[in-house]
Amino acid sequence: MIIYYLQESDKSKILSNYDSPNHYVDICSSIIPFSKRDKGSLIFGLIGQKKISKIIVDSISMLGRNQIDVLNTIDFLIQNGIALSSKNEGLDTMDEYGRVKSDTILLLNLLKSLANMEYTN
């Protein structure tokens, strides 16, 4: 199943077209880690049941504000064979055959290094 995920802190900004079975919307602060959000934890449960194949977001920032948490979430998705597609960044973590794209690995390693440097300084 392909799902669309949206996080918004203001309920009035949510459009009615997000009210469908494959759309998961969290109305909460983006500071809350993805796995601790209502819909985020539901999505993690569906992943455990092997019911999701791809998650589409408008922006990676929908997954959270803490770089390390976001990178851990993306790693979790990859380890479970879940493709992530981000429209704004043009990021697709897997190709059409379900293989992790090499540019994704490079980007994630770079971001992990930067986050680690930021954390230690």
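Predicted model: local features only at pLDDT ≥ 70, side-chain atom pairs only at ≥ 80, totals over all residues.

Visitor: How many salt bridges does the count come to?

Guide: Side chains of opposite charge can pair when their charged atoms come close. With a cut-off of 4 Å between a side-chain nitrogen of Lys or Arg and a carboxyl oxygen of Asp or Glu, the count here comes to two salt bridges. One joins the side chains of R99 and D95, at 3.0 Å from N to O. The other is formed by K87 and D58, with an N to O distance of 3.7 Å.

Visitor: Which parts does the pair of K87 and D58 tie together?

Guide: K87 belongs to the loop between β4 (83–86) and β5 (91–92), and D58 to the loop between β3 (54–57) and α2 (67–79), so the pair links parts that are 29 residues apart in sequence. K87 is exposed, its relative accessible area being 52%, whereas D58 is partly exposed at 25%.

Visitor: Which residues of α2 are buried?

Guide: An α-helix has 3.6 residues a turn, so residues three or four places apart point the same way. In α2 the buried residues are D69, V70, L71, T73, I74, L77 and I78.

Visitor: What is the reach of α2, and what is found at its start and after it?

Guide: With 13 residues, α2 reaches 18 Å from its first C-alpha to its last, close to the 18 Å expected at 1.5 Å a residue. At the start of α2, a side-chain oxygen of N66 comes to within 2.9 Å of the backbone nitrogen of I68. After α2 comes G81, with a positive phi near 70 degrees.

Terms used. Residues numbered from 1 in each chain as written. Heavy atoms only, no water. Helix = DSSP H or I, 4+ residues; strand = E, 2+ residues; numbered from the N terminus. Buried < 20%, exposed > 50% of the residue type's maximum accessible area, 1.4 Å probe, protein only. Expected span 1.5 Å × (residues − 1). Polar contact = N/O pair within 3.5 Å; in protein donor to acceptor, adjacent residues only side chain to side chain.
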